[in-house]
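Here is a short briefing on one protein chain. Take a look at the sequence and the model before reading on.

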Amino acid sequence: MKRILIVDDVPGWIRFHQNNINYLNIEGLVIDSANSAREGVSKIEASIDEPYDVIFTDLQMESDFLPMLAGEWFVRQIKTYDKYYKNTKVVIVSASPNIKEIAERNGVLYLPKTVARNSDAEVYRQFLT
């Protein structure tokens, strides 16, 4: 079983990611979601004994963490949990123009929302295998 967490403050984007992932028809996927970076941390804490395999997170969510973007704060929180830091793929999915820089600075993967929106579901497969 592969566990996935999608963190985005826009329900439409959560559904978009879920639909694309489900379209790949990968057996044994369980998809969970959170509507904010803070809720994402709560989901991680609740699943510490059974970590997610892949976490997709937006960058631009709640503004509590300025000047840092909420998604970057969330990624940094993930890295404080050894089980997640070592065993979980983290993918930033954002329309932010500096997505690549933020992903590289934090040692995670990234998928620009424009690419996600304009590609077919197969673009997600690279993160799920």
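This is a predicted model: local features need pLDDT of at least 70, side-chain atom pairs count only at pLDDT 80 or more; totals for chains, interfaces and linings use all residues.

Residues are numbered from 1 along each chain as its sequence is written, and side-chain values use heavy atoms, leaving out hydrogens and water.

**Confidence**
- The protein chain has a mean pLDDT of 94 (the predictor's confidence in each residue, from 0 to 100).
- Confidence is lowest in helix 4 (residues 82-87), with a mean of 80, and highest in strand 3 (residues 54-57), at 98.
- Helices (H or I, at least four residues) and strands (E, at least two) are DSSP runs, numbered from the N terminus.

**Helix 3**
- Helix 3 (residues 70-78) is largely enclosed by the rest of the structure, because seven of its nine residues are buried (under 20% relative accessible area, 1.4 Å probe, protein chains only).
- The buried residues are Ala70, Gly71, Glu72, Trp73, Phe74, Val75 and Ile78.
- They pack against several elements, including strand 1 (2-7) and helix 2 (37-46).

**Helix 3 meets helix 5**
- Glu72, Val75 and Arg76 in helix 3 meet Ile102, Arg105 and Asn106 in helix 5 (contact means heavy atoms within 4.5 Å).

**His17**
- His17 lies in helix 1 (residues 11-23).
- His17 counts as buried, at 2% relative accessibility.
- Not counting residues up to four places away in sequence, His17 touches Ile6, Asp8, Val93 and Tyr124.

How values were computed: Buried means under 20% relative accessible area, exposed over 50%, partly exposed in between (1.4 Å probe, protein chains only).
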